[in-house]
Amino acid sequence: MADKETTRLCIQIVQDQFGTTPARVAAELLSRGRLRLAHIVRSTSIKSRAAANAILILIQHNILWHCESAVEGEMFEVNWEEVLARLRFGRYISIARDLFGEPAVDILSFIMDHGKVRAGDIVQSLIQGINTKNTALYNSTLISLLKSMYIKPTSAALQISPRDRLIRYQEEAERAKRASAGAKKGPLAAKDLLEVRELARRRLKEEVDNIEGGGFRRRAKDAKETLTSRTPKRQKIDEDVLDEDIYLRVNYAKFNLHIRNRLIEQSASQRYNESAGLVIRAALAAALPSESTLHGVRSEILTMQNIMRHLPPDPPLVGIAIRPSGSGSGSSTEAGTQALMTREYVNILCAADNPTEAGRQSAFMAYSGLSGAVGGGGGKKVAIEYENIGRRLRFKIFETFVRERWGELAIRVLRLLIDKGKMDEKQIAKVAMMSKKDVQPLLTKLVSASLISLQEVPRGADRSAMRTIYLWYIDLAKTYSVILTSLYKTLGNILARKNAETQKVSAILSKRERSDVQGNEENFLTRGEREALTAFEEKRLRLGVLERRVEECVFILRDLAPDGYAGES
Amino acid sequence: MSAKKASDLAQRLWTECRNAPNHTITQEKLLEAVGEKESLCKQAINTLLSKNLLLLLTDSKSGKNTYQGISREDAAIKGNMDADEHLVYSHISGSRNEGIWTKTLKARTNLHQTVLNRCLKKLEGKQLVKTITSVKFPTRKIYMRKDLEPSADVSGGPWYTDHELDTAFIESHSEAILVYIRSRSFPEATDECSEMLYPTSVTKYYPTTAQITVWLKKAQISPTELEEGDVQMLLDMLVYSGEIEVLPRTGFRGGGVFDSDESAAEDGDRDHDESGGSDHDEKKRKRKRPASRARSSSSKVEGDDREDENEEDEIASRPVKRRRKSDQSKTRSDRGQPSDDVEFDLDFARVETFDGLGASSASGSWKGSLTGGSGVVYRALRRERMGLGWAQTPCGRCPQFDFCSDKDKGPVNPDQCKYYRDWLEAPIGEISAIDI
Ligand code: SF4
């Protein structure tokens, strides 16, 4: 269940996008966990019909999970990650525009507006709305969106919380195990339990893959058989037609890959230069087709040729202090330079000149394969180190945050603690070259911000403060979650402020919405009103930018660490 | 026996003691050395002992008597002292340049406080000892021999002025070092690119600790001269600040995209391995893509391409040029595409330094330290602006962040807070992170 700040943010989002009643229902569910409809009605004192409608809306938009419990009956639960993903819709749409053009934007917004839509209805409704557009274009865009998994099929089964399903499958597997021949009485052995869990997990994954991998129906002969696994039949997919009855929704994971790639590129170009950014972008693009989620420690293995193929011919790579001085003709020299530059940039991105642990941690890519492992003797295959990059980016967020708030000295102390583990005040002061009177208040500030912690080591049984050593240390996993919470709170504040600003001009806004005023603002609105509106638009724009930037930090901290912060150091 | 003879013997005994290692000698050896009757010697020794010219010690291991010869000056000093003073003085003297705390002194000498105070006063009056303050224990009264300078441990080294950590001094020096490292970390900007980089095989422009120390001395930022160890502390600090990174001096030698400029002679077998590896690789590649246009330079790293350590002078004087003849011909014949034959010069931008301090003027003194350096160099990092968006929100810097709440309508809430009002009304230029 989400914590306080996440809950607040979720409620705000639901409030903004769906209105008061759904927000109240969501608030109830978020703060209390799973509830039955009757329960919601009782505690919110919303009319049961209204509450039911709100729940329907939220389910339609994938925000609620549906749970069927033998004891309690039908219950609902909020999927808060889904709510937070709604903040990214703008980004997703702009990614879709870049990739597939305007029709994709229309399709995507349509699906987003409706949460999930029957495949057959999408194009038709769109055509009705904007009747001039070309049906074939929309159809083909829809199919390519689906094929490349930017949208994915969904089904009733996926409306049930995956945890519930997992538990159910586990129970079933356990029962099967007990029923199987030769099973003993009593509790299952540890080995069997493991096996049962693994079975259940696999079954869950298969189920999801089955549903999400579908969406097409084989044409002609065996029209009823939907495709189960996509990859092996990819070649035949051309013969398949869209299964019109299937429900489609947006596949956030695929879009998130693009967000991640952009961030990585940004980071590389800031750390090195634009050309380095281009190279890593090419590598990312080369790796993209084989990826579907942010999980994964590193990319598939890429060859130099592969990377070079994805490099745009223009602008050429520059920025390394070498100059080709060739006797060859112009064009081939350029190709040669480009290849040379690419290879050297890959070296740089691999931090090849710094084989120490610190260097490895700061690398974007790594050589793979045997020759690469041994001192990099010409290993020409590389992989992008996603986990490494994620860790680095997280740390950068942390660093920027600390720097802006507490200054350079705080960074120095924190990095010292990360590097050296537990230290007492004197040691910190010595290595960080700070005077004790500076260190003390700083440490106090940092500890009150929950960035660092204190460990007491008493030297005597009496535990008197005089005879106790106080050691400071930092637990990055904890620190990151503290920062994430602060980020949620900030986002909440921004949304709240946006609302407050909207409230202030709500009278003018509704006046502008009037049909007689629309398009005629000059005549109907006073000068003061118009000025207020312009000021408001400006503020909204700024807050919007702010919101996206903070959201980006959330992305780095949460989504780039799909497996949590365990083992962070 | 005449008095003259006796004093002669005493003189000889004393000289033997003074000439012995540590001015210390065992009784047996001493007697052997002078070769006189034992009784005579003992008399002479007793005289010397009473005049404080000898000190009787007992060897802790063998339990044998040993004598230490004391210089005349010291003996004269001691001659003027009474027993207590002598005791106190010997302890202070024994603490050398670390000094000794009055409490420790009292415990060691077992003297009463008033006696101790009297002794110390007398010793101070005779200009034999002085009090110092230690940066570690600023409240303690510590005594030390007058003629000694407090050790760096006690005085805190160059970082302390009047027993306070001189942060301004530290900041100005680390700032200067940072600027210097930055100036050496990146090639000069060209028209094409303002953020140039050195290839991974070249690390010779990145400074080592020794070079930085030399530069700092020449730059004369302050009258205090810093030693290499001090500079190292500053560098470590800068690494912790995330401003610079430390990397091995050898550079990347396996990529083979460019010639490796750094000498790698000290690592012969690795060279061997490397060329073996790339050979292998080359064959593989040839098989796959015989006419690979991408491969314009071979991945081979050859020993004869390497230059000696002697490259330092070149830094400032001329652009470095490397030709790879053997490789060229090889690649050409490999591919049969002469038009693809590209020659690459490493055309490094001249490393700029301030006012002629640094590369050109100091190159002479660097040469030695380069070869003898500790094997690491320092490189500045370009700062990434990840996550700045949040840091620049009003909330990111808000002092009331923890109290801010819109739930119970407290005095601090996002709906009306003045931080947002100011931020929203500030002109665009002042909000650095926002480029709409
Ligand atoms: S008072 Fe304003 S700036 Fe501070 S945390 Fe609250 S909303 Fe943010």
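Chain A has a mean pLDDT of 81, with 88% of its residues at 70 or more; pLDDT is the predictor's confidence in each residue, from 0 to 100. This is a predicted model, in which local features need pLDDT of at least 70 and side-chain atom pairs count only at pLDDT 80 or more, while totals for chains, interfaces and linings use all residues. Residues are numbered from 1 along each chain as its sequence is written, chains are lettered from A and ligands numbered from 1 in the order in which they are written, and side-chain values use heavy atoms, with hydrogens and water left out.

Where does pLDDT stay under 50 in chain A? One stretch is residues 220–238, for which the model has 23 contacts beyond four places in sequence, a contact being heavy atoms within 4.5 Å. Another is residues 324–331, with 14 such contacts.

Now the empty space. Rolling a probe the size of a water molecule over the atoms shows where empty space is left. A cavity here is a set of points, on a 1 Å grid over the protein atoms alone, where a 1.4 Å probe fits but cannot get out, and lining residues have an atom within 4 Å of a point. Grid points are joined across faces, edges and corners, and a volume is the space filled by probe spheres set on the points.

The structure has six cavities of 30 Å³ or more. Ala, Val, Leu, Ile, Met, Phe, Trp, Tyr, Cys and Pro count as nonpolar, Asp, Glu, Lys and Arg as charged, and the others, Gly among them, as polar.

The second largest cavity has a volume of about 80 Å³. Its lining includes A:Asn493, B:Cys395, B:Phe401 and B:Tyr420, and divides into ten nonpolar, one polar and no charged residues.

Next, chain B. Strand 9, residues 244–248, has four of its five residues buried, meaning under 20% relative accessible area with a 1.4 Å probe, protein chains only. Strands are DSSP runs of E, at least two residues, and helices runs of H or I, at least four, numbered from the N terminus. Strand 9 of chain B pairs with strand 11, residues 376–380, in the antiparallel sense over five bridges; pairing takes at least two DSSP bridges. B:Val246 has B:Tyr378 as its bridge partner.

How values were computed
Buried means under 20% relative accessible area, exposed over 50%, partly exposed in between (1.4 Å probe, protein chains only). On a 1 Å grid over the protein atoms alone, a cavity is a set of points where a 1.4 Å probe fits but cannot get out, and a pocket is an open set with protein on both sides within 12 Å along at least five of seven lines; lining residues have an atom within 4 Å of a point.
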